[in-house]
Amino acid sequence: MMETVKPLDVASGKGKLRRAFVKVINVKKLTGVVPEGDKDLVKNAANLSESFDKLEEEYEKRLAMEALLAKLFATVSSIKSGYAQLQYAQSPYDPAGIQRADGLVVSELKTLSEMKQSFLKKEFDSNPDRTLVVAEIQELRSLLKTYEITGKKMECQLKLKDSEILFLKEKLQELMSQNKLMEKRLNQSVTLDHNSQTHFVTYLHHTVKSIRGFVKTMVQQMRFSGWDVDTAADAIQPGVLYHKRDHACFAFEHFVCKVMFEAFHLPYFSTESSSSKSRDMFFERFTELRSVKAREYIASRPKSRFSRFCRGKYLQLVHPKMEVAFFGHSHVRNQVSAGEFPDTSFCAAFLEMAKRVWLLHCLAFSLEPEASIFGVSEGCRFSEVYMKSVSEECLSESEPRVAFTVVPGFRIGKTSIQCEVYLSPSKSTPDSG
């Protein structure tokens, strides 16, 4: 078994040393001479005593310095806490709180100044052990106060955010109510006179806006996928000189409109549909879909004409290679082919556009006479009667020519709604039909 280590008997050593001192002193008193054998003992004892004194002095200095530093950090923490209280008392304004916080900061600054003077004069604390404990307590109290104020600030910010959320919810409810009221009025106005050309022009405006929203989404996806947008635009409309680089987006609008408005003149975009459908029937289709979300309608009626229209136009508009470049796979195409549109921003933009085009189509066939669609050929001379330029810069050219039709125009009886065209200085060929 291991033996227990016995502690060093320091007191016994000191007793022996003390007895040796007494022995030497007594002999010296009696004889006046220190014994020869005890001279070394006296010398060693004196050196050891001097070392002990130095160690004790260094320890006291170090302890005093630690106490000074502890008090310094505690004072700094108190100042930080005072500033935190001062800031908190300013909002909302609290004069008494500001005065208390200001007094605390001033008092602690005075303490710092006194500590500096004591350090320079080397006047250290006479009771450093007590000072260490008091400084630690002071620092912890200051930190606790600072955290308490921080917590109160966060509570105030939380209440403010809650108030903002409540205000925004009320604002949203108000806007939704206004939208419902406006939609109701619009429905009433359309119901009273679905033969009005004004409503067709209004819906044409909404349709073009949705087309441009989809084109913007598509071009962004092209850029994210690393496509060269200018090269893609040139592939759609080769040889066109654009007045500005960003005008290339009109080529994509031309392509999308060409696909989406193809067969617009046929009832329900199909040769299979009967042309004997009444105007009231088309208007009923218009009112039926207006207030319904396209994805919900397709999910509930996957075999409807509108569902088939959306599937066909998507598969025609979005090339498989484009879809793989955008999403990294062809899953979306497979879902659409199966009659389901996934909940993505790209599909949402497409469905919004498809719904607008379909509604415009139904509204066109509900009019008397029906609205017919038209476009202009490349190289035609610009005419303000039938055309509108998508860019003002293009009109600065003398005798500008049509590079391509961006958005088709419409005729309702003797009234013409201008088509939107892009004019290019590179096109100077004679008029074409």
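**Pockets and helix packing in the predicted model**

The largest pocket has a computed volume of about 670 Å³. The model is a predicted one. Lining this pocket are 17 residues, and Asn179, Glu183, Arg290, Lys355 and Arg356 are the closest to its centre. Helices α4 (128-192), α5 (197-224) and α13 are the elements that each give two or more residues to the lining. The most comes from α4, with 6 residues. By class, the lining of the largest pocket has 8 charged, 5 nonpolar and 4 polar residues.

The second largest pocket has a volume of about 330 Å³. Its lining is made up of 20 residues. Nearest the centre of this pocket lie His254, Lys258, Gly375, Thr405 and Pro408. Here the elements giving two or more residues are α7 (249-260), β1 (371-374) and β3 (401-407). Strand β3 supplies the largest share, 5 residues. By class, the lining of the second largest pocket divides into 12 nonpolar, 5 polar and 3 charged residues.

Helix α10 spans residues 305-317 and α13 spans residues 345-366. Their axes lie 10 Å apart, at an angle of about 125°. This angle makes α10 oblique to α13. The crossing of the two helices is right-handed. From α10, the contact involves Arg305, Phe306, Phe309, Cys310, Lys313, Tyr314 and Leu317. From α13, it involves Phe346, Phe350, Leu351, Met353, Ala354, Lys355, Val357 and Trp358. The contact of α10 with α13 has 12 nonpolar and 3 charged residues, with no polar ones. Lys355 of α13 takes part in this contact and is also among the residues closest to the centre of the largest pocket.

The crossing of α5 and α11 is left-handed. Met218, Gln221 and Met222 of α5 meet Met322, Phe326 and Phe327 of α11. By class, this contact has 5 nonpolar residues, 1 polar residue and no charged residues.

Terms used
Residues numbered from 1 in each chain as written. Predicted model: local features only at pLDDT ≥ 70, side-chain atom pairs only at ≥ 80, totals over all residues. Heavy atoms only, no water. Axes fitted to C-alpha atoms, helices over the stretch in contact; angles between N-to-C directions. Helix = DSSP H or I, 4+ residues; strand = E, 2+ residues; numbered from the N terminus. Parallel < 35°, antiparallel > 145°, perpendicular 65-115°, else oblique. Left-handed = near helix turned anticlockwise from the far one by under 90°. Contact = heavy atoms within 4.5 Å. Nonpolar A, V, L, I, M, F, W, Y, C, P; charged D, E, K, R; others polar. 1 Å grid on protein atoms, 1.4 Å probe; cavity = no way out; pocket = protein on both sides within 12 Å on 5 of 7 lines; lining within 4 Å. Points joined across faces, edges and corners; volume = space filled by probe spheres on them.
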